[in-house]
Amino acid sequence: MEIHNADISKIMDGGFDGDDGEVIDWFDVVAENAGRVQTETLCRILKLNYGVEYLRKWLGDIDVEDMDGCALETLFTSLVPLATHADLECYLQRIADGDKSPLLTQQPITTLSLSSGTTDGRQKYIPFTRHSSRTTLQIFRLAAAYRSRVYPIKEGGRILEFIYSSKQKQTEGGLKSGTATTHYFASKEFKTKQEKTKCYTCSPEAVISSGDYKQSTYCHLLLGLFFSNRVEFIASTFAYSIVQAFTSLEEHWRDLCNDIKYGNVNSTIITIPKTRKSVLDIISPNPFLASRIEAICEELEQVGWYGLIPKLWPNAKYVYSIMTGSMQTYHKKLLHFARDLPLVSADYGSTESWIGVNIDPSAAPENVTFAVIPTFSYYEFIPLHRNNPDDSCNTLATENGYKEDEPVPLSRVKAGQQYEIVLTTFTGLYRYRLGDVVEVAGFHKGTPKLNFVCRRKLILTINIDKNTEKDLQLVVDKGAQLLMRKAKAEVVDFTSHANLEIQPGHYVIYWEIKGDVDRSVFEECCREMDVSFVDHGYVVSRRTNSIGPLELCILERGTFTKILEHFIGNGGALSQFKTPRCTSDRGLLTILNACTTQKFYSPKYGSQ
């Protein structure tokens, strides 16, 4: 339905208080008028934050209040430059130090989120406001409406959610800081989400916020099993958390059954008094349930825990989590646990802003797309073209293996084209380069459906070679398939590093594996991965020996758990953790190199 300009503002403010059908109808109208909604969104942001120090630097004293929307959009994109976090860091540090003047927003910022630090190993401050919590609630409500069309759930059911928050800290200036998930789980919007979706998480707040991910995981599992017949779906922020939790189940199922039998909480495993009490207030002795779970676990243990989710949670309709990007590694393991239960990819966002909703929950995770929600932020898209190393005459900006064109608004993106996303948010980020590479897969009404490709800066590069996270994933998949075929072993997790300390520089791939493997198989896997990089710059460099042989390092079991604990020890939360697929972080490299048990090098390039 096309709407008149006068009605745009009214439409934007509605939509999330009705039933599922009304929520979806609202999004259809907003999506159909996405271009004009985006103009109005930008006008709202600029009028809300008119006069802040950062905008005054570029717009001066231009009065935006009565300016036409299209004129304001043109003015803004012509005068305000593209920015990275480095351009805003001094403002954010001043805010963290207690400067209450309007630097980025007119409303005082009282809370700062910490980014995951996946790109360069360093967590960064990002503004977090009530708008952040509100849009989180809204996207959860919208996504739930689409899921309920395909996988209807019972009102009053339970969600087994593996969610975790870290402790909120204070900055020098007295502001709360922590992960975005920590702020959200502490907000009233988190409680509202459960009421709106008519489904309730199994675990109380004291479990979610225990601060010890191992104790939280045990309690999540205990309560999930206690409510096993009422669990409607399994969820987590990232797929990694579900895999980690069920790996813990394999280890602790006897303890869990014993606790259910006696209505107790193992005091050796759960040592935090508040967490223990919160669980004891919920559970009660249930010997019959304990016996049933014990029998199922004994059976599952014999088949490598294949299909554990439908066996232990017989009424679960699906598994729901972020499964794209670096989470693709865990897809195979999730399939193993889920058997034929659907895997539903959660929505697309970042610490800076939510971006798109999964409107086709039945799509396999590898095929998922996300429809951009045009009311959340103002989006621009930088067209990207993969570099040809032989092309030295282009006049376009070149960085990280891509050539760039000028940014375009949401209304001018084209299907099949790759872009980097640029955000202007209500929380004080202006023309902020997110660093995500996406491809427009098509459109829902007038809003683009995005396929996440990779993080732009997460690349392996020595000289003219440029291999993205996605390129690396394809290469590791080739090696992992060979490992499974030859040795019936699996890659538990992996990361990589471009080693420039030894000349010529070379790629290092780190594997943690499960199973017994002969050296000859590792050598074959190393050779297979080396020749599987198809980037022209890499192929040419390997042939001329300007990039050295690929190095495959085999890690001791538990290495990636140490990396997780290193992350949490530096203030992160499990809900936010993503294994970096390429790292130059010295702390991580120290762990990886100390845990390396075997090394293999590919032979001369092209030899068989």
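Leaving aside neighbours within four places in sequence, which residues is phenylalanine 27 in contact with? I looked up contact as heavy atoms within 4.5 Å. I found Leu142, Tyr146, Val357, Ile359, Ala371, Val372, Ile373, Pro374, His444 and Thr447.

I note that this is a predicted model, where local features need pLDDT of at least 70, side-chain atom pairs count only at pLDDT 80 or more, and totals for chains, interfaces and linings use all residues. Residues are numbered from 1 along each chain as its sequence is written, and side-chain values use heavy atoms, with hydrogens and water left out.

Next, the cores. I take a nonpolar core as a set of buried Ala, Val, Leu, Ile, Met, Phe, Trp, Tyr and Cys residues joined through side-chain atoms within 4.5 Å; buried means under 20% relative accessible area with a 1.4 Å probe, protein chains only. The largest has 146 residues, and Phe27 is among those with the most contacts inside it. Helix H12 (residues 239-262) gives the largest share of this core, eleven residues. Another core, of 29 residues, lies apart from it and includes Leu472 and Tyr538.

Then I turned to the sheets. Helices (H or I, at least four residues) and strands (E, at least two) are DSSP runs, numbered from the N terminus. Two strands pair if DSSP finds at least two bridges between them. S4 and S5 (residues 176-179) pair in the antiparallel sense over two bridges. Glutamine 170 has lysine 176 in S5 as its bridge partner.

Note on methods:
Buried means under 20% relative accessible area, exposed over 50%, partly exposed in between (1.4 Å probe, protein chains only).
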